[in-house]
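I opened the model to look up a few things and kept notes as I went. The entries follow in the order in which I made them.

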Amino acid sequence: MDFLSGLAIVLISIVTIVYGYFKYSFGYWKSRNIPHEEPSFPYGNIKGFGTTIHSSLCIKRIYDKFKPTGAIFCGAYFFARPVAIILNLNFLKNILVKDFANFNERGFFYNEEDDPISAHLFAMDGDKWKELRAKLTPTFTSGKMKFMFPTVVEVGKRFKDCLIDVVKENDELEIKELLARFTTDVIGTCAFGIECNSLKDPNAEFRKYGREVFGKPRHSPLAGVFLGGFKGTARKLHIKNIRDDVSEFFMKVVRDTVDYREKNNVNRNDFMDILIKLKNQKGNDKDKITLNEIAAQAFVFFLAGFETSSTTLTFCLYELAMNAEIQVKARQVIQEAYEKHGKFIYEMMLDMPYVDQVLQETLRKYPPLANLNRYTKNTYKVPGTDDVIEKGTPIIIPALSIQRDPEYYPDAEKFDPDRFNSEAVKQRDAMTWLPFGEGPRNCIGLRFGMMQARIGLVTILNNFEVSFGPKSTVPLVIDAKSAFLSPEGGVYLKFKPIQS
Ligand code: HEM
C-alpha cells in the first residue's frame, strides 16, 4: 500500500468514527422522549462562533418553538453534546436558587496548576469557588462602590475630553471601540490601579490584550466543547486555556503592582487594594489568597468588566438614537439632577431612576451574556414529571429568549424604559430579567457594572446629542462570531456637542 492510500484509509476511518460518534450522540434526547429539534452535523442545533447566526438567536428559535407547548425544558445539541434548554420560570428558579447545590457550577474548563490565571471566580467549581466567592463578596458592597465612584468619574471626564477631540475631526463616530476604551481605562484603574491610557492611545497594551483575549482565544469552539466535557483528562494533559502572552502580561502587571504597593504602602481603595489585604490578612491560610489567585481575579474583573459594560452602552446609544424622545427625557433627568446636586456625586447617581430604567431596558433587549450556563452535578428529577436531567448535562438558561418573550414583555421588540418603573417591575416574575444572572452565582460585579454604565451614559447625554448618520447600520446586526452579544462592525452614530 502506498503512502497516499494509507493516508486516505486513516482519514476515512477518522471521519467515519467522528460521524458515528455524532450520530450516536444525536440519539440522546429522542431515546429519552424529550422534545427536541433534529440536529445537523457538525453544529447540532446551536450554531454561532464563525457561522452566520449568533448562538443566542439559534437558542431563541428553539425556545420560541417549544415554550408554547408547555414543556418545562427541551433538548438540543451543541456540536455532539446534549444540552438542556430551560423553558419554564419556576423550573429556572429551582436551578438558579432552590436547588442551587446541584447546579452551582458552569462546567467550564480551567487549570489551576498549569494555567493559574484561568482559575478565576467565573470558571471555578466546588468548595474553592464557594470560599473565593465569600472572600471576594465584600469587594463589591455599596460602601466600596462609593469609594471608587470619584475614580470612575475622573475617567469619565477624560472620556468626555476624548470625545470632544474626536468629534472636532469627525462628528460620526464608531462608538463601540471608544466605549471599550473608556471601560478598559475604568477597570484598569480600579482593578489594577494602572492608568491604561487606552483613551489616549487606541493601541495601549491593556486594550490590545482586551481585544485579543476574546478575538483570538487559545482554543477553537470545538476544542472548547472537548475541554468542558473532559476537564480531568485535559488537566492531566496539562492543557492550558489562556494564551501564554495574555497570561504573562497580566501576571506581570499584577506582580509589579502588588510589589510596588506593598513596598510603598500605597492605598487606593480599589479592587487591587482589597485583594492585597486578603493576601496579607492575619489568620489561617484558608482565609487568605495567593498572588496567583489575585492575578486570576484581577484578570476576570478586567474581562468581565470592560466588554459587558461597553456593549451595554453601545446598544443603549443605538436605541437612544432610534428613540429621540427617550433620549430627550433621559437628558432632562440628568440636567435636573445636576441642578439639584451641583456636581456629579454618588448621591446624584442614585437620584436618576429614569437613567437606570433606560439601562435596564437596554439589558433586557441586549443582555451581553445572552445565556446563563449551569452544569448538573447529580442526576436530577424534574419536579412534576417523570423526566430526569442526567448528571453531567450542561444547562442553558436562555436569558435573551426570556427577555424577548412577549408573554412577559408585550411588544418585546419595542424599546420602552417604562417597563422598569417600580410598579411594572413589581408585577413581573423576577426570573424574567436575567442580565446579571440570579441566585448565589449571579454577577458579583453588578453594582460596579451599573455604576460605570451610568457614569458613561451621564457623561455622553449631558454633553452630546446622539443620532443616526450616513454610516449608521439600521437595524444593527448581531455579530455571530462574538461570545458576547455584540453589534457586528461596531455602531456608527453622530455626536453633536451640547453648548453649556
Ligand atoms: C453591565 C455589566 C455586566 C453584566 C451584564 C454582567 C453579567 C454577568 C452575568 C450574566 C454573569 C453570570 C451570572 C450567572 O451565571 O448567574 C456574570 C458573572 C460574573 N461577573 Fe458580571 N457582568 C457585568 C459586569 C461585571 C463587572 C464590572 C465585574 C467585575 C468587576 C463582573 C464580574 C463577574 C464575575 C467575577 C462573575 C462570576 C461570578 C461567579 O461565578 O461567582 N461583572 N456577570
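Predicted model: local features only at pLDDT ≥ 70, side-chain atom pairs only at ≥ 80, totals over all residues.

How many nonpolar, polar and charged residues does the shell around the ligand have? I counted 17 nonpolar, eight polar and five charged residues in that shell. For the classes I took Ala, Val, Leu, Ile, Met, Phe, Trp, Tyr, Cys and Pro as nonpolar, Asp, Glu, Lys and Arg as charged, and the others, Gly among them, as polar.

Residues are numbered from 1 along each chain as its sequence is written, and side-chain values use heavy atoms, with hydrogens and water left out.

**Ligand site**

I listed 30 residues around the ligand, of which R106, R133, R374, R441 and C443 come nearest. Next I looked up where the shell comes from, with helices (H or I, at least four residues) and strands (E, at least two) taken as DSSP runs numbered from the N terminus. At least two shell residues each come from α5 (126-136), α13 (291-322), β4 (372-375) and α19 (446-463). The largest share, six residues, is that of α13.

The single donor from the protein is SG of C443, 2.3 Å from the iron. I placed C443 in the loop between α18 (422-427) and α19.

R106 puts a polar side-chain atom 2.8 Å from a ligand oxygen. Polar backbone atoms also turned up: that of L121 is 3.4 Å from an oxygen atom of the ligand, and that of E438 is likewise 3.4 Å from a ligand oxygen.

**Cavity**

I used a 1 Å grid over the protein atoms alone, where a cavity is a set of points that a 1.4 Å probe fits but cannot leave, and lining residues have an atom within 4 Å of a point. Points are joined across faces, edges and corners, and a volume is the space filled by probe spheres set on them. I found one cavity of 30 Å³ or more. The largest cavity has a volume of about 50 Å³. Its lining consists of Y318, K471, S472, T473, L476, G490, V491 and Y492, which divide into four nonpolar, three polar and one charged.

**Backbone and overall form**

I noted a cis peptide bond between F41 and P42, with omega about 0°; P42 sits in the loop between α2 (28-31) and α3 (55-66). N33 lies in the loop between α2 and α3 and has a positive phi, near 60°. Another cis bond joins V474 and P475, with omega about -5°, and P475 is in the loop between β8 (464-467) and β9 (492-497).

I counted 19 helices and nine strands in the protein. The C-alpha trace spans about 80 × 55 × 50 Å along its principal axes.

Key:
Near = heavy atom within 4 Å. Polar contact = N/O pair within 3.5 Å; in protein donor to acceptor, adjacent residues only side chain to side chain. Donors = N, O, S within 2.8 Å, 3.2 Å for Na, K, Ca; no water. 1 Å grid on protein atoms, 1.4 Å probe; cavity = no way out; pocket = protein on both sides within 12 Å on 5 of 7 lines; lining within 4 Å.
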